Amino acid sequence: MLLQVFALLGSMPLSTQSQSESDEYILVASLDNARNLSNILKAISFKDHAIFNATQNGLKVTVEDSKCLQANAFIQADIFQEFTIRQDVIGFQVNLTVLLDCLTIFGGSTVPGVSTALRMCYIGYGYPLTLFLEEAGVVTVCKINTQEPEEPLDFDFCSTNVTNKVILQSDSLKEAFSELDMTSEVLQLTMSPSHPYFRLSTFGNSGNAHYDYPKDSDMMELFQCTKTQKNRYKMSLLKPSTKALGLSCKVSVRTDSRGFLSLQYLVRNDDGQICFVEYYCCPDEEVDEE
Amino acid sequence: MDCVSTGGNVKVLAKAIHSLSRIGEELYLEPMEDGLTLRAVNSSRSAFACFMLSPLFFQRYQAPPDQAFHCKMPIKSVQAVFRSLSSLERSVEKCRIQMNSEKSRLTITLHCKHGLLKTHNLSFQDCESLQAVFDKESRGNVLQAQPRLWVDTVLHFPPSLEEVCVSVSGERVWLKNHVEDDADPSRAMMTELCLSSEEFDHFAISSQNSITFCLKELRGLLTFAESSGLPVSMYFDDPGSPVVLSVSDSVLEANFVLATLSEDSHQHSHSNSKAERCKAQPPPDDFMSDDMDSYLIAMETSELAVPSYEPAPHPCSTNHRARLSSTRQEEEEEEEEELLDRPPSKKFCSLFFGSVLPASTQLTSQTTRSQEVLASDSEDEGEKE
């Protein structure tokens, strides 16, 4: 069985676990507000399975699609109220949909002052991921089966290869992404030191559309384009990034010499702390000029 | 054609398009010297809507050199450009519409805040001119009220209601839902609303009357009227002849011409070649009745003074799509008639957009309140050509 859930009523604060139990866990991560984890995971939840990678620095959760797209969510150790790790690197794979269902098991309502507390524990290889969730005195224990983690793709995207980079305030892109013509199979990105500078284009059933951001726009925080590049990416791969965009306040868009795309989103959680989400995407094979 | 609209007018334009989308699936565009006309018609030709925007509506308006230019495109594509009304209001500063007839392409450019530029290139098809020939001034009954009144009234009817029946008598107006004769009595719910003549800005009834028409189409106009704050006028006659709903101000005029059920349309034996109108309702062949030369909806493409059809004193059962001919848009109109007069049988009826000819008399921003004194009555129709 993938998941076992036990609901316990009455006051049983999460901290009163037996000492011996705590010693067994190689990973313990606690949050006073589970939303600080669930919100950011929702931004990459376009597939069922996620690869968890925990180090001293914190948690990295990876979701991939078709070997062409990779999304990563980074939750630093200092976001957690407690983050204890007994190995250098811990990796496992879980069903992200199930995990999110558990994190929001109390309904996810946003009544001010009321939040779900989380204690996430992992004994080790072969053991389930255990979640203790508490809200208003009600405790739920969830155990989610883990799998062997797959090796995440390496997009080999390094700063030295970056041809073009812009940083935009998310608000302006949010509108464009919500209006994208979904009948277009691709989203074309044009980045150039000259006009049109930064352009998103779609080619749909009724015609084409272009969204142009000039380099001197006050939404443009950084504009470093060295070469004119026009790349197309599958719309179906990029559309899920809209969620991450929605949560973020800033986004950096970079392309490298191969036309690979890196989108990095700066997300502030409920407590104002900063987390990052990034998307890597391969360009679509057929790159015809318009 | 090249026109630019700015500020609040962009939202008005968007609302007009959304309104038209409630009528038909295609948007017919006709830019002329005296303004831009947007039209839509439903598949059964029982509802027609038209928005006429005078050059004054735009910050800049340049008509195409080719006067007989008309085109159509799927309305959904244009709606997608203006999808979010709130973001239009918030961020769009200017909207430019350009037509490129060689490439059959319409380009809509939205200049937004922060320098963002949205460009949409939509393809269109050339088509015949779509016009309704009708004369609202000749209607025996006229009601005019603030949009709020109409909106509050239709609110009482369920959204699924197909048809509404409006009855007038003396000093009262009744609105009720139209219930089919064969409706299951245990399930039928009757809603009836009565309004006194005092609620209306203008109330002119020539005789007791009761008309039934499609509510969905009325709602299409009301969403526009409500946001523009312009009073809505209803012109109608006997059942069977179309009802005309109209809003106008100095720079725009909108007319919705809707078919009404004729008295004996309840009998299914009535022959009708039109497709069904509102789902499974019996198709109304209303405007197939005698006086159609004065208010018929037709695809007029014949030239000038030659009538495109023989005015018939007998009911015609041919589908008026058959009247479509391949000649150019009809230009000739007659002067609009005085209220209550029927035009002589051989004359054409005026096309409604005579009323928004830019003229010095209309440069004031006052909304025309009493509909029977439309300045258009005295306009020189020849200007349009």
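## Polar contacts and salt bridges between the chains

Across the interface of chain A and chain B, 9 residue pairs are in polar contact, both residues of each pair being at pLDDT 80 or more. On the side of chain A that touches chain B, α4 (170-179) and β14 (207-213) each supply at least two residues. The most comes from β14(A), with 7 residues. Sorted by type, the residues of this side are 5 nonpolar, 7 polar and 4 charged. The model is a predicted one.

The interface of chain A and chain B also holds 3 salt bridges. One of them joins B:R90 to A:E175, with 3.8 Å between the closest N and O atoms.

## Extent of the interface

Chain A and chain B bring 16 residues each to the contact. About 1400 Å² is buried between chain A and chain B, and carbon and sulfur atoms account for 42% of this area. Within chain A, the residues that lose the most area to chain B are A:E175, A:E179 and A:S206, which together make up 36% of what that side buries.

## A sheet built from both chains

The two chains are joined strand to strand: β14(A) and strand β9 (residues 117-123) of chain B run antiparallel and are linked by 6 bridges. Along this pair, A:H210 stands opposite B:T119, and A:D212 stands opposite B:L117.

The pair belongs to an open sheet of 9 strands with antiparallel pairing, in the order β16(A)-β12(A)-β13(A)-β14(A)-β9(B)-β8(B)-β7(B)-β1(B)-β5(B). Its edge strands are β16 (229-234) of chain A and β5 (60-62) of chain B, each of which pairs on one side only. From one strand to the next, the twist averages 15°.

Chain B has an open sheet of 10 strands, paired antiparallel in the order β10-β6-β2-β3-β4-β20-β19-β18-β12-β16. β10 (125-126) and β16 (202-204) of chain B each have a single partner strand and stand at the edges, so one side of each has no neighbour in the sheet. Within chain B, strand β18 (residues 232-236) and strand β19 (residues 243-248) run antiparallel and are joined by 3 bridges. B:S233 stands opposite B:S246 in β19(B).

Helix α1 (residues 8-21) of chain B lies across β2 (26-32), β3 (35-41), β4 (47-53) and β20 (252-258) of chain B, at about 165° to β4(B). Helix α5 (residues 215-228) of chain B lies across β4, β18, β19 and β20 of chain B, and runs at about 165° to β20(B).

## Backbone exceptions in chain A

Most residues other than glycine have a negative phi, and most peptide bonds are trans. The peptide bond from A:H195 to A:P196 is cis, with omega near 5°. A:P196 is placed in the loop between β12 (186-191) and β13 (198-203) of chain A.

A:A136, a residue other than glycine, has a positive phi, near 50°. A:A136 lies in the loop between β9 (129-135) and β10 (138-144) of chain A.

Key. Residues numbered from 1 in each chain as written. Chains lettered and ligands numbered in written order. Predicted model: local features only at pLDDT ≥ 70, side-chain atom pairs only at ≥ 80, totals over all residues. Heavy atoms only, no water. Contact = heavy atoms within 4.5 Å. Buried area = accessible area lost by both parts, 1.4 Å probe. Salt bridge = Lys/Arg side-chain N within 4 Å of Asp/Glu carboxyl O. Polar contact = N/O pair within 3.5 Å; in protein donor to acceptor, adjacent residues only side chain to side chain. Helix = DSSP H or I, 4+ residues; strand = E, 2+ residues; numbered from the N terminus. Nonpolar A, V, L, I, M, F, W, Y, C, P; charged D, E, K, R; others polar. Pairing = 2+ DSSP bridges. Axes fitted to C-alpha atoms, helices over the stretch in contact; angles between N-to-C directions.
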